[in-house]
Amino acid sequence: MVPTSPPELMLADSSRIGVIGGGPAGSFFAYFLLEMAEAVGVFLEVDIYEPRDFSLSGPGGCNMCGGVVSESLVQALAAEGIQLPASVVQRGIDSYFLHMDVGDVRIETPLHEKRIATVYRGGGPRGTPMSDTQRQGLDGHLLNLAVGRGARLVRSRVDALEWVDGRPRTKAQNGTQQTYDLLVPAVGINSAALKIFSSACLQYHPPKATKTYICEFCFGRDVIKRDLGDSMHVFLLNIPRLEFAALIPKGEFATLCLLGEDIDKALVQAFLHSAVVQQVLPPDWQVPDNFCHCSPKINIGSAVQPFADRVVFVGDCATTRLYKDGIGAAYRTAKAAAKTAIFEGISAEAFRLHYEPICHTIRRDNLLGKVVFGVTKLVQGWERSRRGLLRMLFEEQREGSKRRDMSTVLWDTFTGSAPYGSVLGRTLWPSFWGRFLWDIARANGHRS
Amino acid sequence: MSSVCSEVLGRRYHDGDVIIRQGEPGDCMFVIQEGRVEVLQRRGGKEYCLAVLDPGDFFGEMALFEQEVRCATVRALGDVCVLTIDKRIFMQRMHEDASFAFKILKRMAHRLREMEKVLTHLADADRFELASFEPTSWGADAANKRT
C-alpha cells in the first residue's frame with residue numbers, strides 16, 4: 001500500500017519529533033509513536049517539552065482535572081499492556097450514588113468490580129500528607145512510560161515557534177532552539193503556549209471553552225472510606241446554571257467537580273450549602289478557609305484545522321469528549337496521530353485522511369452528548385421526573401431485577417464509559433420511555 | 001470467595017479461588033493486576049499446569065474470538081487482583097484500532113512460540129505423550145503434570 005505522503009514527508013531513521021506538553025496526550029503520542037517505530041524498524045528521536053514536575057503537590061505539578069480514568073480506558077490500556085499500578089490509583093470506583101432532593105440511590109455495576117480509577121494528575125492537592133506523596137500522579141506515570149520507551153524529557157517551556165526551510169523550529173525558555181521534522185502540540189487548553197500556534201502561520205484555531213470549578217477537600221482516608229466509600233457521588237440538583245456536580249473520593253482527599261455555565265463563587269456556595277450536599281459531606285465538617293481549588297477551562301468545542309504539514313495537535317488542544325473522559329480522548333487522538341505519522345506520513349493530507357476521522361467521530365458524538373445532557377437537564381429541572389427517575393432506579397437496583405436500562409444509561413453518562421451515541425441509542429426504545437413515564441406516574445401518584 | 005481490591009483495579013481472588021473454569025461459557029477476558037495465577041487443563045482425569053501467569057498477563061481471550069467454552073481453568077496462586085475486559089470494549093478497540101489488534105496478536109504469537117518450546121522440550125525428554133496432546137494457545141513456562 002502506498003503511503004499518503006510524498007517521501008520527503010515520511011518519517012525516517014533519525015527524524016526528530018518535538019512533543020510540546022507532557023500530559024497524557026503528549027506522553028501517549030510519544031509512547032505509541034516510539035512503539036510503532038520500533039515495530040517497523042525506524043529509529044526516531046523524540047523530545048517532550050514539559051516544564052512542570054508532576055511529582056510536586058499543589059498547582060505546580062497539577063494539570064487541573066477531575067482525575068477520573070474511565071472504565072473503557074482502564075480496560076483498553078490493560079488489554080494492550082499499560083497498567084495503572086496501585087501507586088497511581090488513588091481509589092478504585094465500583095459504584096455511584098445519585099443524590100437528588102427527592103432521595104438518593106446507589107447504582108452498582110453488574111460485575112461489582114473496580115474498573116474506574118480516580119487519580120491525581122500531579123503529586124496531589126496542596127497540603128497532601130507525606131504518606132501520600134509516595135504515590136504517583138497519572139501524568140508522571142505516563143511520562144515515565146514514554147521516557148522508558150526512549151523519549152527525551154526537556155524540562156523547559158516552548159516560548160516561540162518559527163519556520164525554517166519548511167520545518168518548525170522551537171525556541172525554549174532555556175534558550176535552546178531545535179528544528180523538527182514533526183511538531184506535536186499536546187498542551188491542553190489552559191496552557192499559555194496555545195497562543196504561539198495561533199500566530200505561527202497555521203490555520204489552527206483553538207477549541208471553544210467554558211470554565212469549570214474543581215476543588216479538593218481533605219477529609220482524611222478513614223472519613224472518606226466511611227462516608228463516601230468506593231463510590232462516585234453524583235448530584236442532580238435544581239440549582240440554576242449548574243449542570244452536573246460530582247464528588248470523587250481519592251486517598252486523603254475528595255475532589256469536587258462542578259460543571260455548568262459561568263460557575264462563580266455564589267454558585268459554589270449555593271451548591272455546598274444545599275441540604276442534599278450537606279447530608280453527603282461528613283457531619284460537623286465546615287468548608288475550610290484555605291483549600292486547593294482551580295477554575296480550569298474545559299472544551300465545549302473542537303479546534304479548527306488541528307494539523308498541517310509537519311504539525312499535528314493531539315488531546316484537548318485538538319478535540320476531546322464533552323465533559324467526560326478527556327484522558328480517553330487524549331489516548332485515542334494521540335494514538336491515531338502516531339499511527340498516521342508512522343504509516344502514512346506527516347503531510348496535512350495524511351492527517352486529514354487518517355487522523356481527522358477520529359476527531360470527527362469524537363465531535364459527532366459530542367453533538368449527541370449535548371442531547372443527552374439536555375435531556376438530563378430537563379429531568380433535573382422537574383421534581384416529578386426526578387421522583388420517577390428515583391423510583392425507576394430503585395426498582396432496577398432491587399435484588400434479582402434483570403432490567404438495568406436507566407442504571408446503565410446514567411452510569412455511562414456520568415462516568416463517560418461509553419460513547420454518547422450508544423447512551424442515546426439505548427434511550428430511544430419505546431419500552432424505556434414507557435417504563436420511565438410509568439414510574440413518574442406511580443412515584444407521583446403514590447406521593448399524592 | 002472474591003472481593004474488590006483496595007486501590008488496585010479489578011477484583012480480588014484468594015489462593016485457590018477459581019477465576020474461570022474449563023468447559024464453562026465465557027464472554028470476557030482478564031488482565032492480572034497483582035499476584036499470579038495458574039492455567040490448568042484437565043485431560044483424561046489428569047490436570048496439567050499449562051502456565052503460570054504474572055501481573056500484566058491476560059487470559060480468557062479465546063472466548064472473545066470463538067463462541068466456545070473456556071478451554072482451561074485459571075486458579076489464583078495466593079492473593080490476586082484481576083481486571084475483567086468486556087467483549088464489547090475489546091471488540092470496539094479491535095475494530096477501531098489496528099495497532100491494538102496487532103499488539104494482542106503479538107502477545108498471542110509469543111504464547112504460541114513458548115508453547116512450541118515446551119512441547120519440544122517435553123517430547124525430547126520423553127516425559128510426555130505428544131501424540132495424545134492437542135496444544136492450546138497458552139504459553140507454558142511451567143508445564144508440570146498434576147494429578
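**A walk through the two chains**

Between domain 1 of chain B and domain 2 of chain B there are 2 salt bridges, a salt bridge being a side-chain nitrogen of Lys or Arg within 4 Å of a carboxyl oxygen of Asp or Glu. Before we go on, please keep in mind that this is a predicted model, in which local features need pLDDT of at least 70, side-chain atom pairs count only at pLDDT 80 or more, and totals for chains, interfaces and linings use all residues. Residues are numbered from 1 along each chain as its sequence is written, chains are lettered from A and ligands numbered from 1 in the order in which they are written, and side-chain values use heavy atoms, with hydrogens and water left out.

Let us stay with chain B for a while. Chain B is split into domain 1 (1-96) and domain 2 (97-128), with bounds that come from an automatic or database domain assignment. Where these two parts meet, domain 1 of chain B brings 14 residues to the contact and domain 2 of chain B brings 9 residues; contact here means heavy atoms within 4.5 Å. Together the two domains bury about 1000 Å², with carbon and sulfur atoms giving 64% of that area. Buried area is the accessible area (1.4 Å probe) that two parts lose on being put together, summed over both. On the domain 1 side, Phe58(B), Arg93(B) and Met94(B) supply 52% of the area buried against domain 2 of chain B, more than any other three residues.

A salt bridge to look for in chain B joins Glu61(B) and Arg111(B), whose closest N and O atoms are 3.2 Å apart. The elements β5 (46-53), β6 (58-59), α1 (62-65) and α2 (87-96) of chain B each give at least two residues to the domain 1 side. Here α2(B) gives the most, with 5 residues. Helices (H or I, at least four residues) and strands (E, at least two) are DSSP runs, numbered from the N terminus. By class, that side has 8 nonpolar, 2 polar and 4 charged residues; Ala, Val, Leu, Ile, Met, Phe, Trp, Tyr, Cys and Pro count as nonpolar, Asp, Glu, Lys and Arg as charged, and the others, Gly among them, as polar.

Stepping back to the whole of chain B, you will find 3 helices and 8 strands, in the order β-β-β-β-β-β-α-β-α-α-β from the N terminus on. Of the contacts in chain B with a separation of 6 or more, 72% are between residues 24 or more positions apart. Chain B has 147 residues, and 50% of them count as buried. Buried means under 20% relative accessible area, exposed over 50%, and partly exposed in between (1.4 Å probe, protein chains only). Leu40(B), in strand β4 (residues 28-43) of chain B, counts as buried because its relative accessibility is 1%.

Now for the meeting of the two chains. Chain A gives 37 residues to the contact and chain B gives 32 residues. About 2600 Å² is buried between chain A and chain B, 50% of it on carbon and sulfur atoms. In chain A, the residues that lose the most area to chain B are Ala79(A), Glu113(A) and Lys114(A), together 22% of what that side buries. There are 6 salt bridges between chain A and chain B. The side chains of Arg115(A) and Asp86(B) form a salt bridge, with 3.0 Å from N to O. On the chain A side, α1 (24-40), α2 (71-79), β7 (116-118) and α9 (326-343) are the elements that give two or more residues, and α2(A) gives the most, with 6 residues. That side of chain A has 18 nonpolar, 8 polar and 11 charged residues.

Most residues other than glycine have a negative phi. Ser14(A), in the segment before β1 (15-20) of chain A, has a positive phi near 70°. Tyr323(A) has a positive phi of about 65° and lies in the loop between β21 (311-312) and α9 of chain A. Ser14(A) is partly exposed, with a relative accessible area of 43%, and Tyr323(A) is partly exposed too, at 23%.
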